[in-house]
Amino acid sequence: MLSKMKLLITCALFFCLFSAWAQQSSNNASITVDFSKPVGDMYPMWAWFGYDEPNYTYMKDGKKLLSEIAALSPVPVYVRAHSLMVTGDGVPALKWGSTNMYTEDANGNPVYSWNIVDSIFDTYVQRGMKPLAQIGFMPEALSTKPQPYKHNWKPGDKYTDIMTGWSYPPKDYNKWRELVYQWVKHCVERYGKKEVESWYWEVWNEPNGHYWQASMEEFFKLYDYAADGLKKALPTARIGGINIAGQRSERAKQWTNGFIKHAISGTNYATGKIGSPMEAILFHAKGEPRLVNGVVRMNMAPQLQDIAAGFQIVSSYNETKNLPVIIGESDPEGCAACGMATNPQNAYRNGTMYSSYTAASFARKYLLADQYKVNFLGAVSWSFEFENQPWFYGFRDLATNGVDKPVLNVFRMFGKMSGKRANVQSSRMTPLQNIVDSSVRGSQTEIGALASIDKKTAGIMVWNYHDLDLQGAPEPVKLNISGIPASSVTLTHYTIDSAHSNSYEVWKKMGSPQNPTREQVATLEKAGKLETVGKPAKKAVKGGNLVLDIALPRQAVSLLKLDW
């Protein structure tokens, strides 16, 4: 009897272990990539970046990072910055910048100065980059409420403290128009007509929020006069709007629809004619991380809902459905200069949570553009660098003190993908509508992929993502690849995880120094570059097919690059 009981217990234990193994095996990720089935272009909509503090552009670490961003992209990168028209001495601060391009003499006559703004645009153009040139904000001498003007905001302060005299309408719209005319005319003289024709221009930022201290109609007037000055200087210049905040909200939809209708059939405040120039549509999209029981929980859904709402509006008008669409800011949340010390929900920014979120969210931007059939041109990552700030303070930036953070390596991966996007299926990838509705909140992580193929190369980006900012052991991922037009390939496996392409983990192992030695800085700079797992290896391809097995830790991103 006892022997029989032991046998039953042993069988039950074996059954439990087998069931657990079977369940784990069934959850293992299987990814199928068919390069013979293109689903769209692998256009570089990710090659757009922006930031609040324009004077960082020409500073030491700013120049270094811009050079790296330019180098990682196969096409010219577009750069957007705030405060290009703000009055001041050009000394940067958080959420602040100035160029002093417009002042007035004692008699109220305009005095133009292009030195600082030229330093900004020179830095871009010298690197083959293009401005997404923001016509804003209001010079002190033109503001209807000039005082107070310069703010002294710091992390932890009330965000609206930054909204001072620069956020008000002009007291003289003719002077406002003439300022824009003179600026654009100067740019044409300095950089050449062909170069400036390749830029995009836009007016202001988030007028439905705190950045604009006036009505919607007053903003349309601001836009019309700015566009009229621009077109007078360069009729072929491209301008768009409206860079609205929180596009999914009803008020934001009201603003965007109102702007489009005004541009199509409204009376132009500057010319008296019908309509206003509109060569691009711009809006913003942001996620909403939270701190839950001491753990950061990301939320991609609001950001994707903003994008879906913007795409839906653009596609609903015959006059806009083919216009270039630019997501003027597209980020996991709103305030780049709010570090994790004052905003603990932003603690995701230094490590691999930010990089895995970026991979998973950008893949969905392609899918949403496919769904709404829009002319999606770019998504601006509002993430740059902060000069002379503490190391790894938790700003939303691509580098800290000249050392690249893991997230920048995702863009290096994107820079290696080109041609056509290929059909991808994954047993662990969240369906598009599900992630738009509720992000990734299930019991297991998402293991998803994005693939591209060009004439002699192909790439498969794979990520392991979940909203909860937790680490996890490597999981096996099997890739079944077909449609490879070669008998053999060279496989290069790039990855971002806790041990690769990760300066933050190396810095922590050093003891988190705030004054690292020259040798430590050199080590961190090397750790910030995109790394490979092992060396490139030759792989035989049979009948266009190849099977690859990799292990992917939670929050890791890998790029499997095939060359032939």
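Reader: How many salt bridges does the structure hold, and what makes a pair count as one?

Author: The structure, a predicted model, holds 35 salt bridges. A pair counts when a side-chain nitrogen of Lys or Arg is within 4 Å of a carboxyl oxygen of Asp or Glu.

Reader: Why is Arg 248 called partly exposed?

Author: Arg 248 has 28% relative accessibility, which counts as partly exposed because that class lies between 20% and 50%. Asp 306 has a relative accessible area of 1% and is therefore buried, the cut-off being under 20%.

Reader: How do you know that Glu 446 and Arg 364 form a salt bridge?

Author: The closest N and O atoms of Glu 446 and Arg 364 are 2.3 Å apart, and the limit is 4 Å. The pair links distant parts of the chain, with Glu 446 in strand S17 (residues 446-453) and Arg 364 in helix H9, 82 residues apart. Glu 446 is buried, at a relative accessible area of 1%, and Arg 364 counts as buried at 0% relative accessibility.

Reader: What makes Lys 529 and Asp 404 a salt bridge, and where do they lie?

Author: Their side chains meet at 3.3 Å, N to O, against a limit of 4 Å. Lys 529 is in the loop between helix H13 (518-527) and strand S21 (531-532), whereas Asp 404 is in strand S15 (residues 403-404), 125 residues apart. Lys 529 is partly exposed, with a relative accessible area of 33%, and Asp 404 counts as buried at 2% relative accessibility.

Reader: Which residues are linked in a network of salt bridges?

Author: The network links Arg 80, Glu 202, Lys 286, Glu 329, Asp 331, Glu 333, Arg 349 and Arg 396.

Reader: How do you know that helix H9 spans what its residues should span?

Author: The 21 residues of helix H9 (residues 352-372), at 1.5 Å a residue, should span 30 Å. The end C-alpha atoms of H9 are 31 Å apart, which agrees.

Reader: What makes H9 largely enclosed by the rest of the structure?

Author: Of its 21 residues, 17 are buried, so H9 is largely enclosed. H9 is followed by Lys 373, whose phi is positive, near 55°.

Reader: Which strands close into the barrel, and in what order?

Author: Eight strands close into the barrel in the order S2-S3-S6-S7-S8-S9-S12-S13, with parallel pairing. Neighbouring strands of this sheet are turned by 25° against each other on average, direction ignored.

Reader: How do you know that strand S7 and strand S8 pair?

Author: Strand S7 (residues 200-203) and strand S8 (residues 239-244) share two bridges in the parallel sense, and at least two are needed. The bridge partner of Trp 201 in S8 is Ile 239.

Reader: Which strands does helix H6 lie across?

Author: Helix H6 (residues 216-233) lies across S6, S7 and S8, running at about 150° to S8. Helix H3 (residues 115-126) lies across strand S2 (48-51), strand S3 (78-81) and strand S6 (130-135), at about 155° to S6.

Reader: Where are cis peptide bonds found?

Author: One joins Gly 136 and Phe 137, with omega about 0°. Phe 137 is in the loop between S6 and helix H4 (173-191). Another joins Gly 241 and Ile 242, with omega about 20°; Ile 242 lies in strand S8.

Reader: Why is Glu 206 called buried?

Author: Glu 206 counts as buried because its relative accessibility is 14%, and the cut-off is under 20%. Glu 206 is in the loop between S7 and H6, and has a positive phi of about 45° although it is not a glycine.

Reader: Is Gln 247 buried or exposed?

Author: Gln 247 counts as buried, at 0% relative accessibility. Gln 247 sits in the loop between S8 and helix H7 (250-265). Leaving aside neighbours within four places in sequence, the contacts of Gln 247 include Phe 283, His 284 and Asp 306.

How values were computed:
Residues numbered from 1 in each chain as written. Predicted model: local features only at pLDDT ≥ 70, side-chain atom pairs only at ≥ 80, totals over all residues. Heavy atoms only, no water. Helix = DSSP H or I, 4+ residues; strand = E, 2+ residues; numbered from the N terminus. Axes fitted to C-alpha atoms, helices over the stretch in contact; angles between N-to-C directions. Contact = heavy atoms within 4.5 Å. Expected span 1.5 Å × (residues − 1). Buried < 20%, exposed > 50% of the residue type's maximum accessible area, 1.4 Å probe, protein only.
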